[in-house]
Amino acid sequence: MAITETDRKLPYGVADITEGDCALKSDIEAKVSSAFNSFGYNEIQTPTFEYLGVFYDDPSGGGDAIKFVDRGGRIIALRPDYTPAISRFTASHKSEADFPLRLRYSGNIFRGGESFGARQKEFTQAGAELLGDPSPEADAEIICATIEALRQAGLEDFQLELGHAGLLRGLVGGLLDGETFRELTELLDKKSVPEIDDFCRRAVSDAGAAALLRELPLLYGGTEIAEKMLARRLGAESEAALENLLAVCYAVKDFGLERFIGVDLGLVRSFGYYTGVMFKGLTHSMAFPICGGGRYDNFSRRFGLAFPATGTAIWTDRVMAAVARSKKTLSAPAADVLIWYESDADRPAAYAAARAEREKGLRAICEKRRFASETDVCRYLSAHRILSAAKIEGGDAR
Amino acid sequence: MKYLTIALAKGRLAELSVELFMKLGYDCGEMLTKTRKLIFTDETHALRFLLVKAGDVPTYVEYGAADIGVVGRDTLLEEGRNLYEMLDLGFGKCKMCVCGPAEMRERLNSTSTMRVASKYPHIAAEYFYGRKNMNIEIIKLGGSVELAPLTGLSEVIVDIVESGKTLAENGLEVLEEVCPLSARLIVNRVSAKTERERITRLISEIRSLI
């Protein structure tokens, strides 16, 4: 039966990647992987799909994961996020003795519901996780490795905004229930001063806390923002959070990369598992973050082994789009050499010549002569060098 | 110095915004003259003003084509864009309301076959489905929404009410208030960080006026 018109189209939210784009993407993936590798991170792979419970502990949830049911009736999810998979991996295969452990990955994640840019349901991420190390230096290492990876990928004009999950909890956690706290984080994410004003009138009776919440959206800039906030002595939990955030910033400074970071005390992340310093990376021309991450201590307890952890994920497609926008044209790289042969008798010599070129590290295409002139071939292949088998043998067939 | 680009929603809000920026000493008075230009520049302060359709203001700001925008809260609620909403400018005050003929007041909460016409389908859905847990039929219209109940296209409408004059002239009235509206200053997420000093200065200048 012939394929229908509808079947020829791709499902909404996925896309093909053409040669020129793919060359750029692979190049970025290779550079990011090599940057993480240079920090001593070993690559692992986890399955593309796992039981839904790995990704969501909320039984009613499943969020926007793409789900299906296996033969036993259990719900399987295409990986919507790498962090839980890496935690599960570590809890399954490792023990205290293996810490600190440095792991990296590169692969695709899938989300059913979101609408991010042109490719909406399948994304590529490359990331690194430092497991079993609670120190601020560990967070700084993850942040600096991310910066180096983005620079290797070809970006210079970007910034990582750092915040701390303990700060908001320390300031108002005790005053709000789970649902209201979530509402507040959504308003903070939009730095919506008028809506926060309205929220405080409704939900926050403590005048001091309300005043602070109204300020929070505008408290971003350099480390001095966190230093000033710390000097105001606003309670043990928020002070510990600010001290930890500053310790991470100072370590990034010692790396010599402080020009790539900023502090945003109003920073919130949609994942609930963060416990410490968290960050997202922004660059001009991209409306969505190009990377994100943070500390998620003891998140792994539900997989049977609790440990401190911090990690980062780079949104490869968005980095690619940002890099692509800075270039005029994207084209697939041309082959280096084309080897022609006119008759089957020349074929062994042609194959041997092609192999010799390939062994030199060149990209060689070998085929029976199809074009009238070299000019035609150049238009077709933009090959750098054209040899014919006969020529190689020193004959005069041409 | 890099230009800071400000997108204004064409119409009444742009006029009020221009007044505000002129009070702050920025040169954008040319926008109030009859001209077909869409971009206006204040060279002294490296500011650039764009005139765009209200619904497009959040889009320009989200994608960074403009660093800042001035737009009604109605547009922000309807568009749901990924940006910072940093300031209530206090002008352009009005309300989003459910309106209809008086006899709908009693049926509003009991009927299950109601149709709602609106230029704001998301706001209408969020109100009826999200807040009131009612599954109703929403009909999107492009304008003159008051016609819908008069022609039998819908029972009620969700629309902006300023004075209520248009409603009264068409025999309709406010049945329920959805939310208050006013003009908002919105900022691109990246610009907020990279142009922090200029943008926070502008915000505090505006705050001192309102």
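Okay, let's start with two residues in chain B: B:F21 and B:Y26 are both buried, where buried means under 20% relative accessible area, exposed over 50% and partly exposed in between, with a 1.4 Å probe and protein chains only.

Quick housekeeping. This is a predicted model, where local features need pLDDT of at least 70, side-chain atom pairs count only at pLDDT 80 or more, and totals for chains, interfaces and linings use all residues. Residues are numbered from 1 along each chain as its sequence is written, chains are lettered from A and ligands numbered from 1 in the order in which they are written, and side-chain values use heavy atoms, with hydrogens and water left out.

Now, the rings. Rings of Phe, Tyr and Trp (its six-membered ring) pair if their centres lie within 6.5 Å; planes under 30 degrees apart are stacked, over 60 edge-to-face, and the rest tilted. That rule gives 15 aromatic pairs over all chains. B:F21 and B:Y26 make a tilted one, 6.5 Å centre to centre with 55 degrees between the planes.

What about B:F21 and B:F49? Their centres are 5.4 Å apart and their planes sit at 65 degrees, so that pair is edge-to-face. It links distant parts of the chain: B:F21 is in helix α1 and B:F49 in strand β3, 28 residues apart. Helices (H or I, at least four residues) and strands (E, at least two) are DSSP runs, numbered from the N terminus. B:F49 counts as buried, at 0% relative accessibility.

Over in chain A, ring pairs join A:Y273, A:Y274, A:Y296, A:F299 and A:F303 into a cluster.
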